[in-house]
Amino acid sequence: MGIRALSEPNVTTSEEGEEGAAPAAPKAGKKKLLIIAAAIVLLLAGGGAAFFLLGGKSDPKAEAAKAEAAKAEAAKHGGGEEGVKFVDIPAMVVNIRSPDGAARFLKVHVMLVPGTMKDDAIKAGLPLVLDAYQPFLRELRPEDLAGSAAVFRVKEELLVRTTGALGEGSVKDVLIEDLVQQ
């Protein structure tokens, strides 16, 4: 009996082991699934890193298409194939009106975007443009220059005065590089 008793519990245990093996199988399956998911995540991360580090190289046709699109955009904004040319107006420093009578200064540096007029013709007319800017800038007050809307108003007024000095359509836009008051 002793032998049988030892062998019977083994049989019973093996039956219980089979029943116990069924719940153990999902645990092993979950581990395998977790390992597979981790491997997939690592592969995707590695592929993404490789694309980021090595990617970005496109074919020459795509690069040429991008260059043509950039040229077309520049031409649409008035620059032609060589791009937009700006006419630089030297920085001006003028006295501005102050309610308390203290000395206040305004430094303005603008650039002009040519319209129908050539760059050389605009440069030749710069004394007229500067003469048109001076009275306007000198009449500004510190509160006239407060906020971003004030900068827009100053820009629009400078464009009107430039158009008056050089003619209609000669300049497309006035770009303010610096506008500093002290």
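**Core and surface chat**

Q: Where does methionine 92 lie?
A: Methionine 92 lies in strand E2. Bear in mind that this is a predicted model.

Q: Is methionine 92 buried or exposed?
A: Methionine 92 is buried, because its relative accessibility is 8% and the cut-off for buried is under 20%.

Q: Which residues is methionine 92 in contact with, leaving aside neighbours within four places in sequence?
A: Leu106, Lys107, Val108, Leu130, Tyr133, Gln134 and Leu137.

Q: How many residues apart in sequence are methionine 92 and lysine 107?
A: They are 15 residues apart in sequence, with 5.6 Å between their C-alpha atoms.

Q: On to the largest nonpolar core. Which residues touch the most other members?
A: Leu106, Leu112, Tyr133, Leu137, Leu140 and Leu158, out of 23 residues in that core.

Q: Which elements give two or more residues to this core?
A: Strands E2 (92-96), E3 (104-114) and E4 (171-181), plus helices H4 (126-138) and H5 (148-166).

Q: And which gives the most?
A: H4, with 5 residues.

Q: What does leucine 112 touch, not counting residues up to four places away in sequence?
A: Its list is Lys85, Phe86, Val87, Ile89, Ile122, Leu126, Tyr133, Thr162, Val171, Asp173 and Val174.

Q: Now the surface. Which residues make the nonpolar patch?
A: Ile36, Ile40 and Leu44 make a nonpolar surface patch of about 310 Å².

Q: Where does isoleucine 40 lie?
A: Isoleucine 40 lies in helix H1, residues 2-54.

Terms used. Residues are numbered from 1 along each chain as its sequence is written. This is a predicted model: local features need pLDDT of at least 70, side-chain atom pairs count only at pLDDT 80 or more; totals for chains, interfaces and linings use all residues. Side-chain values use heavy atoms; hydrogens and water are left out. A nonpolar core is a set of buried Ala, Val, Leu, Ile, Met, Phe, Trp, Tyr and Cys residues joined through side-chain atoms within 4.5 Å. Buried means under 20% relative accessible area, exposed over 50%, partly exposed in between (1.4 Å probe, protein chains only). Helices (H or I, at least four residues) and strands (E, at least two) are DSSP runs, numbered from the N terminus. Contact means heavy atoms within 4.5 Å. Patches are made of residues with over 30% relative accessible area and no salt bridge: like charges are joined within 9 Å, nonpolar side chains (Val, Leu, Ile, Met, Phe, Trp, Tyr) within 5 Å. Accessible areas come from the Shrake-Rupley method with a 1.4 Å probe; for residues, only the protein chains shown count as cover. A salt bridge is a side-chain nitrogen of Lys or Arg within 4 Å of a carboxyl oxygen of Asp or Glu.
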